[in-house]
Amino acid sequence: MSALLILVPFFSVLILNLPLKGIRKLAFGGAICLSLLQMAAVFIPDAAFWKINPHAFGSIFSFELSADSLSKVILFCIGLVSFSALFATRQTLKDSAGRFNFINIILIAVAGMNGVALAQDIFSLYIYLEITAISSFILIAFNRDILGLEGAFKYILLSGVATVLMLAGIALFMLIAGSTSFAVIHAVLLNHNKDFLISLGIGLFIVALFIKSGLMPFHGWLPDAYTAAPAAASVLLAGVVTKIAGVYVLIRILVSVISFSPAIKSILLLVGALSAILAAIAALTQSDFKRMLSYSSISQVGYIILGVGSGSVLGIAGAALHIFNHAAFKSLLFLNSAAVECQLGSRDIEEMGGLAKQMPVTSLTSIIGSLSCAGIPPLAGFWSKLVIVIALWMAGFRAYAVIAVLGSILTLTYFLILQRKVFFGKPNAEFKDIKEAGFSLTFPALILAALIIGAGIFTPFILNRFILSFNSIFGG
Amino acid sequence: MIAKALLLTIIIPLFSGVIMFFLPEKLRRIKESLLVFSSLASLLLAIFLFQQKLTFTLPWISPGLELSFRLYQFSSFMLLATAFFGFFIALYSVVFMRGRNFLSQFYGYFLLAIAFSNGVFLSDNLLVLFFFWEAFLLLLFGMIAVGNKEAFKTATKAFIIVGITDLCMMLGIALTGHLSGTMAISRMNLPLNNGVTNLAFILLMIGAISKGGAMPFHSWIPDAATDAPLPFMSFVPAALEKLLGIYFLTRISLDMFQMTTKSGVSILLMTVGAITIILAVLMALIQKDYKRLLSYHAVSQVGYMILGIGTAVPAGIVGGLFHMINNALYKSGLFLSAGSVEKQVGTTNLEKLGGLAKKMPVTFTCFLITAVAISGVWPFNGFFSKELVYEGAIERGWIFYFIAVLGSFFTAASFLKLGHAAFLGKLSPENAKTKEACFSMLIPMIVIALVCLIFGVFNQLPLNHLIQPILGIRLAGHNFSGFPASIWMVVVTFAVLFLAVANHLFGVKIKGSGLHALDHIRYAPFMAKIYDLAEKRFFDPYNWGLGIVNIISRISLGIDKAVNWLSDGLSVWLANGLSLGIRRLHTGNYSIYLAWSLVGMLVIFGVLVIL
């Protein structure tokens, strides 16, 4: 039944585009309902719902779907962030025809991402990834301005490289295992662990996923794409798309197909630490609101990869928790940047100042988001970072644990700079008539802020359920 | 039921003290009567409890830490003395403090001081004792701080000095409790036969003698004399602190530890006593302020008590304790006379005083009696207690006797100078209209002067009823009342007093005034340099301490600056530099981004193949 999560968005797009009178007006409400339903569906405990007949589409490309607790976290994130992005379209896209198209593409991207989250074989995984990627290109270039087109082009370029590498990897795995199913390849790889071809296949796959995640040094496309994209697209991209296309798939492949080896752990830790620190340092001197958030995203993905790199259940639980927290606070912060950009018409933080009085909701929610991102207790971000640091420490990677903590300090630093320059300090006389952004930007921001606080306070409860259920993903 | 009366001795002054803080400044009369009547109540209670033996125990936090009080010979005597000074100085303060600020605070602290001293005297548990002891330290700070503009600094000085010595005492208490396995004072009896017990004794001793005001912990007292309100000086450093310090010193040397003439700490105590006597009195000689001169004597006299108790022979101990009560009497009497002069004339600077004897005859008479008492003139109380201390000292070594007698010489000399400069000589024209102090200031002075006389003439009274019973069995049949046993020592004492008078007359003859009668000592070839340095506070251990702290704080500041530079300077510079560097690498050029990815990919393949 979980195939519904892929099929319903697809068919909704088809229905919305039927030549019926007035059906286009249902687009926003329908899409919001779908995102809410998706979040609710995650809590369906029925095991039968999540199980799919594996051979529905033939024998080689089996299109297996299945969901464990990791997938459910991801599905929830997709629902949450698409909900926020949909709201953001209301204010950032004035043209109603354009907005309708935008919503359609969001729905297609959601379908693709749901497919990624549920796929159990590498080829269908690849297809869903491509669906997601292509809809992302369109979303980035949606306004057809020069920067948007350039950002999209960079994304296509590097994503194309990643696609090639991934296809080559898939071909190698098929060559060796004769199947694309995770379980089959996993079983074969266990017997041939020092084969050069296998190493090559693993390497190709990992590099492809690093590019998709935007980790350093494969991140060249990311700041430009995030910055140039329309606000709603940035929310979706930063909140979930790259986390799913890159990080989730990486975790899934590592856990279900490749399995951890010392070499893979050291690569993950190295790349993770490099991204966490260098991107945070790069964020320090950015003057563009969204660009700073983009570097912050790279840095936070680095954090997640550090958690994965610990190779332990705890580390992966921490990484999943951080994916969720990142989805919440980064969409929140991108919503805030959209609010500021909408009201001021500028993203240059050097020009801003003292907006806390004029935009109280935006200011307050952005403080909550920033603090959660910097890992300040009792907000949600603190707990996931704590779990990651503990996992690193317990796995014996103590230097990396220290680096992770340092990264948090840097995070706090650039967010304090951001807060001081945008919401506090001297008001710019040019912006003295600025008012708070509209409901459709403040409402999702408030919901996300409440979620961050609530998740922070109830984390011990959530964590228990997480860690208990995360043992099972290794068992499968 | 009567055992609970013990608690009243603490509760009455404690509650009235606390109420005092909340009374508004306008209700002056109510505050004054509250002060006088609650101190009177304490006095009556102390008389009622006198010579009774009571215990009161309340199980508290844990078995080792119970709120236990014990009233016996010694503590009932101490309660009485505290209440006596409390009542009369309260009477005096009421008039003296009129027209000053912080009345509520001063009176409140005054009453709390009675409460906490009573707590110390009654406690039979070291921790409970220390609680009251430390509470007293806070009062010390508060009472000094309400003085003049400089008072806050002096209060801080007193607080730091006494605080540090109390820290030693705290360590001593922990060590003593550990050694004896109990915190109950009446169950302790440690022999001083090894290093650790000696250390415990010395730590406790530091607390005791510092409270008494002995050198080198004395240096706040002269500063407080000029900065703090006068009744404070008369009540706390002159009376209460001597009672507290010497009480505790006696308890540790007689009850808690077995100090004998063979103990090393006995020599230590005598040395501290002797040094305190001579150095403080030498400083007293050169003072040109009535109160400051007295304050050095307050330090010097405690040396006699420490010397007496340090001898560890019955005569010395009885002498030390007798000297404690005598000193409390005449020293607070002297301070009260100084206050009377300050109130009536407006200054205590000896340069501006003179010829007050005719204007203030009662004050002068009281001053005269207390001054001859402190100088050790027969038949006043100071004579008898000093003779007993001499008797104890000569038994332990002629050098201690010699220093004690030399101290007496200088004491007499400095009081001749003080009396001459303040009350005799020419009356300056500005002071022509000076009147005698009012009745309620004179009463305490007269009573105290009378007691000085009675304790001298009828010395059997205090010795047989107050002091000798404290030693009980240790006295071994001695009776020290009546005229001193050793006639030649009395002859020496008289000879020294005559020498002091002769010295004074000689000084007056060459300098022509009472104030400068001791200048020949002040400017003697070797002494001049020492005195110059002393006047610059070169010998003040507090200043050395401040110097050391200053060095440490400079080093810390340096470290702090270095850390600041690392965190605020270097790291910011580094982070900004790096950040700008990384920013510059992002040129937006696709080929560069692709090249990075390629390099990353090659590295990853390398790692995968090699590992």
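First, a definition: angles under 35 degrees count as roughly parallel, over 145 as roughly antiparallel, 65 to 115 as roughly perpendicular, and the rest as oblique. This is a predicted model, where local features need pLDDT of at least 70, side-chain atom pairs count only at pLDDT 80 or more, and totals for chains, interfaces and linings use all residues. Residues are numbered from 1 along each chain as its sequence is written, and chains are lettered from A and ligands numbered from 1 in the order in which they are written.

Start with helix H16 (residues 380-394) and helix H18 (residues 439-457) of chain A. Helices here are DSSP runs of H or I, at least four residues, numbered from the N terminus. The two axes sit 7 Å apart, at an angle of about 50°. Axes are lines fitted to C-alpha atoms over the stretch in contact, and angles run from 0 to 180 degrees between N-to-C directions. So H16(A) and H18(A) are oblique to each other. A:Ala380, A:Phe382 and A:Trp383 of H16(A) meet A:Ile452, A:Ala455 and A:Gly456 of H18(A). Contact means C-beta atoms, placed from the backbone, within 7 Å. By class, that is five nonpolar, one polar and no charged residues. Ala, Val, Leu, Ile, Met, Phe, Trp, Tyr, Cys and Pro count as nonpolar, Asp, Glu, Lys and Arg as charged, and the others, Gly among them, as polar.

Next pair. Helix H3 (residues 69-92) and helix H10 (residues 231-258) of chain A have axes that come within 7 Å and cross at roughly 165°. H3(A) and H10(A) are therefore roughly antiparallel. The residues of this contact divide into 15 nonpolar, five polar and no charged.

Now, how many residues does each chain put into the contact between A and B? Chain A gives 25 and chain B gives 23. On chain A's side, H6, H8 (196-213), H9 (221-228) and H11 (262-284) each supply at least two residues. H11(A) gives the most, with eight. That side divides into 18 nonpolar, five polar and two charged residues.

Last, one residue. A:Leu158 lies in helix H6 (residues 146-177) of chain A. Buried or exposed? A:Leu158 is buried, because 24 other C-beta atoms lie within 10 Å. The cut-offs are 20 or more for buried, 12 or fewer for exposed, and partly exposed in between. Beyond its neighbours within four places in sequence, A:Leu158 contacts A:Ile211, A:Gly220, A:Trp221, B:Tyr593 and B:Ser597.

Terms used. Contact = placed C-beta atoms within 7 Å.
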